Amino acid sequence: MASATGDTPVVPIPEITCPQSLTADEIAKEKDVSRKAAAKARGQAAKKKARDESDGPLITPISSIWPPPYYFEDDLRRLRPYHWTYNTHCKERWRGRTLIEIFESEFRDRPVAYYRKTMESGDIFVNGKSVGPDYILRNGDLISHTMHRHEPPVTAEPVGIIHEDDDMIVINKPSGVPVHAAGRYKFNSVMEIMRADRGEHFVPHPCNRLDRLTSGIMFVAKSVKAAEALGSQIKSRTVRKEYMARVAGEFPEGEVVCDQPILSISPKLGLNRVRANGKTARTVFKRLAYYPPKNDGSADAKGLSQDLTDEELSRLPTETGDESRGKPWANKTGYSIVRCLPVTGRTHQIRVHLQYLGHPIQNDPIYANQRVWGFNLGREDAEGTETTDEDVISRLSRMGKEEVAQAVVYYDEMVDKYEKKRAEKMTGEACEVCATPLYSDPGMHELSLWLHSLRYEDAGGAWSYKSPLPKWALPPEGMAGPTTVGGMEELVEAVKDENPEITG
């Protein structure tokens, strides 16, 4: 790949409109389509004949959809509900377990009662046949699920192109959009949006991954060969990468190296934390800027959320300025822009290490969530003694259902507006076609995480790609601060002895 720099081009968003609600006739039509699709999927019309005359499959999957049913409204990319058959092969950890057990333990989109009912009716089937919830999965089994899908909206911001050649596309991924189709997302994913832009036969091959909420540089190869070549470089740690984060409080000056191991405490929730028995992890941090809070009355003396209950307020320490290990979270003020060099590549590594250091990303809905972690937010709790894994998992599983997922952020004018917007949670209503519980639109702060993949470069200097700084990393209005970032030498210097492979 050749070196490339420059700002990300702005791609115009198509002006597409769609009704905000269905009429009675449209609802009736949708129900009719749903009934026919379900009948087709279960093979009801031919079931008896198939049993008597053939050993062939009893289930006919729903055919693929093209083009995706996108429309744009309220700065969001939306999808009309559609029918879809989702297929996945039996994973090794699923072998020997019942079908209902797998869906109950690993899929959060629908309640267990829904999964059991659809298994009994044949909408969830194995190897093309209805098997029921107690079927024991075996190696090679193909599990299929025909469903009426309701995808969450994502930002209408386009996938930006930083560089493109015959082998590779370097993109600037928008925040809030997953890379792959997974969970509640299918067409509202980076790979599917690129396919919709470039044509049905375009086959993207992602070379690196970013969390759904994280923005910034990603590499998308045009062939398997090109993807494998860059993938090998990344795995060998000869590719250096730098992230930017906006964190709570005044981050220390100088290079800060965090070597704390990271453990996955809930694969189902994608939840990780610093634990002594976790996998080795190393991140280098360096503060780029610190911005103290404005003295304009937009925040109270301690920067507390205005939504704390009386019972929560009663548990706050009364003394301020405590710099000890137990420093209350509420005493932090202002925010810092921090450069991050992840030497290893653990899931949520930067987010987890910043939380452990006591400076979590301000708008992180998981790791800066007091309702999940308590007021100290997991600071220096490598043994899990202050907040147990069980408590964290239980609290987080309620977020987005019974409770709104709300990060703790400290109230300057911009953050105040973010926090007061509606967050995504179940509305109590259900789809009139398939009875699926419906979610409200996500608030804009749930479509963004102040963590950005800024730069990727070959340690030997063969190539380098850099994206523009996100708006949240620039100085706030009325304050002076850096608007550019220098080279990575200072970050690399901090770990060159332990990790010589990244020095080039």
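**View 1. Strand β2 meets its partner β6.** In this predicted model, Leu-76 has Thr-155 as its bridge partner in β6. The strand β2 covers residues 76–79, and two bridges join β2 to β6. These two strands run antiparallel. Have a look at where the β2 side chains go: Leu-76 and Arg-78 point one way from the strand, whereas Arg-77 and Leu-79 point the other way. In a regular strand, side chains alternate between the two faces of the sheet. Are these four residues of β2, Leu-76, Arg-77, Arg-78 and Leu-79, buried or exposed? All of them are buried.

View 2. Tyr-70 stands opposite Leu-79 in β2. Two residues lie between β1 and β2 in this hairpin, and Asp-74 in the turn has a positive phi of about 55°. Three strands form the open sheet, in the order β1-β2-β6, and the pairing is antiparallel. Which strands are at the edges? They are β1 (70–73) and β6 (154–155), each of which pairs on one side only.

**View 3. Two charges over aromatic faces.** Arg-77 itself is buried. The other example to zoom in on is Lys-186, found over the face of Phe-187 at 5.5 Å from the ring centre.

**View 4. A three-stranded sheet built from β3, β5 and β4.** Here the strands of an open sheet follow the order β3-β5-β4, with antiparallel pairing. Its edge strands are β3 (82–89) and β4 (124–126), each pairing on one side only. From one strand to the next, the twist averages 20°. How many bridges pair β3 with β5? There are eight, and β3 and β5 (residues 142–149) pair in the antiparallel sense. Within this pairing, His-83 has His-148 in β5 as its bridge partner.

**View 5. Helices α3 and α4 side by side.** Two packed helices are described by the angle between their axes and the distance between the axes. For α3 (residues 99–106) and α4 (residues 112–121), the axes come within 10 Å and cross at roughly 150°. Angles over 145 degrees count as roughly antiparallel, and the two helices are therefore roughly antiparallel to each other. As for handedness, α3 passes α4 in a right-handed crossing.

View 6. The structure holds 13 aromatic pairs. One of them brings together Phe-219 and Tyr-465, whose ring centres are 5.8 Å apart. Why is this pair edge-to-face? The planes of the two rings stand at 75°, and planes over 60 degrees apart count as edge-to-face. This pair links distant parts of the chain, with Phe-219 in strand β10 (residues 215–221) and Tyr-465 in strand β20 (residues 464–466). The two residues are 246 residues apart. Both Phe-219 and Tyr-465 are buried. Elsewhere in this view, you can pick out one aromatic cluster formed by Trp-94, Phe-103, Phe-107, Tyr-114 and Tyr-115.

Conventions. Residues are numbered from 1 along each chain as its sequence is written. This is a predicted model: local features need pLDDT of at least 70, side-chain atom pairs count only at pLDDT 80 or more; totals for chains, interfaces and linings use all residues. Side-chain values use heavy atoms; hydrogens and water are left out. Rings of Phe, Tyr and Trp (its six-membered ring) pair if their centres lie within 6.5 Å; planes under 30 degrees apart count as stacked, over 60 as edge-to-face and the rest as tilted. Buried means under 20% relative accessible area, exposed over 50%, partly exposed in between (1.4 Å probe, protein chains only). A charge sits over a ring if NZ of Lys or CZ of Arg is within 6 Å of the ring centre and within 35 degrees of the ring normal. Two strands pair if DSSP finds at least two bridges between them. Axes are lines fitted to C-alpha atoms, for helices over the stretch in contact, and angles run from 0 to 180 degrees between N-to-C directions. Angles under 35 degrees count as roughly parallel, over 145 as roughly antiparallel, 65 to 115 as roughly perpendicular and the rest as oblique. A crossing is left-handed if the near helix is turned anticlockwise from the far one by less than a right angle, and right-handed if clockwise.
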